[in-house]
Amino acid sequence: MNYIVQQKKFDVLVAGELNIDLILDRLDQFPVIGKEIMAGEMIYTLGSSSAIFASNLSTLGGSVNYCGCIGNDNFGDKILNDLAVKNVNTSNIIRSKTSGTGITVAFNFEQDRAMVTYPGAMNELEQNHITDDMLKQAQHLHVSSIFLQHGLKPGLIDLFKRGKQFGLTTSLDPQWDPAEKWDCDWKNLLPYVDVFLPNIEELKNIAQKTNFADAVNALRNSANLIVAKNSTEGATAYYKNEIVEQAAFINHDFVDAIGAGDSFNAGFISRFIQKKSLKECAELGAVCGAINTTQKGGTTAFTDLNTVRKIAKEKFNYTLQ
Ligand SMILES: Nc1ncnc2c1ncn2[C@@H]1O[C@H](COP(=O)(O)OP(=O)(O)OP(=O)(O)O)[C@@H](O)[C@H]1O
Ligand SMILES: [Mg+2]
């Protein structure tokens, strides 16, 4: 990919949560209190929206720095290794002395799923861990999953403000609020966010509207660019008076949609930092979202750039430069 000659050390700084996903598949039955059941498959993988974004953006050719918090344990070692294998800079990842690495255990049974999350060190990341030097070294700041990051959320406005002061462009994917309170000072945060990347359900909850159009209108006063993701319906981008509709690419080899939104974000931001048009950003976002769904989990299809190019061409007739 043809990246502009860099003056900054990194294209993107990701400040975010880090956790392991342990997925137990093909269960005999749904877990029952007091009983032991068997799983037919176990997947042990890098989880977290921010890490999937960082890893896939790096595969697409962006240089990525990561600031997050993990425990001093084997799960933490795996996270560092998996990010390093994808060329993400891990030297600013903090190892907690008091908490273990966050983990989500997912129990999949037929179409149902139960998940248990231990946030651990994820809660310990605070905005003052993201130093001025880290911000100055990057062209763009990305944050995701704010409702899972209880240490970071109170300082979010300050973090984005500092990012803007140092001349960075910024993006935010709020992700779902497990408490369903959607509590954040959106009016004062969104002006500092250049690209806001919720899905449509998140957008409606944040705007406190049941209707999608009302939700977009409510946030347009404070937000800059809104990109509302809508699964197989694609995504719609709103910027000033411009509206760009992006259809999803039809995937005939669907496996699962874990991380599709994060891969969409990676594709979108990889073009945004190259100052490409809104249409080009949205198109690569949708291609990457679709590529994500051709294999298990969020990073499997993004092993390297040639593999991504091949899937893009063969399955979606898209030529990735
Ligand atoms: N089954 C699919 N087939 C093709 N493309 C898909 C599919 N699912 C998602 N995508 C693409 O990925 C984009 C993002 O997916 P989605 O709308 O599910 O985001 P999200 O809700 O943020 O996901 P996540 O659960 O990862 O946070 C969609 O806009 C679409 O372009
Ligand atoms: Mg999402």
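Reader: Which strands does helix 2 (residues 74–85) lie across?

Author: Helices (H or I, at least four residues) and strands (E, at least two) are DSSP runs, numbered from the N terminus. Contact means heavy atoms within 4.5 Å. Axes are lines fitted to C-alpha atoms, for helices over the stretch in contact, with angles from 0 to 180 degrees between N-to-C directions. Helix 2 lies across strand 2, strand 3 and strand 7, at about 65 degrees to strand 3. This is a predicted model, where local features need pLDDT of at least 70 and side-chain atom pairs pLDDT 80 or more, while totals for chains, interfaces and linings use all residues. Residues are numbered from 1 along each chain as its sequence is written, and side-chain values use heavy atoms, leaving out hydrogens and water.

Reader: In what order do the 4 strands of the open sheet lie?

Author: Two strands pair if DSSP finds at least two bridges between them. The order is 3-2-7-8, with mixed pairing. At the edges are strand 3 (39–46) and strand 8 (112–118), each pairing on one side only. Strand 2 (residues 19–27) and strand 7 (residues 102–109) run parallel, joined by 6 bridges; Asp21 has Thr104 as its bridge partner in strand 7.

Reader: Why is the pair of Phe249 and Phe316 edge-to-face?

Author: Rings of Phe, Tyr and Trp (its six-membered ring) pair if their centres lie within 6.5 Å; planes under 30 degrees apart count as stacked, over 60 as edge-to-face and the rest as tilted. The structure holds 10 aromatic pairs. For Phe249 and Phe316 the planes stand at 75 degrees, with centres 6.2 Å apart, so the pair is edge-to-face. These two residues are 67 residues apart.

Definitions and conventions
Chains are lettered from A and ligands numbered from 1 in the order in which they are written.
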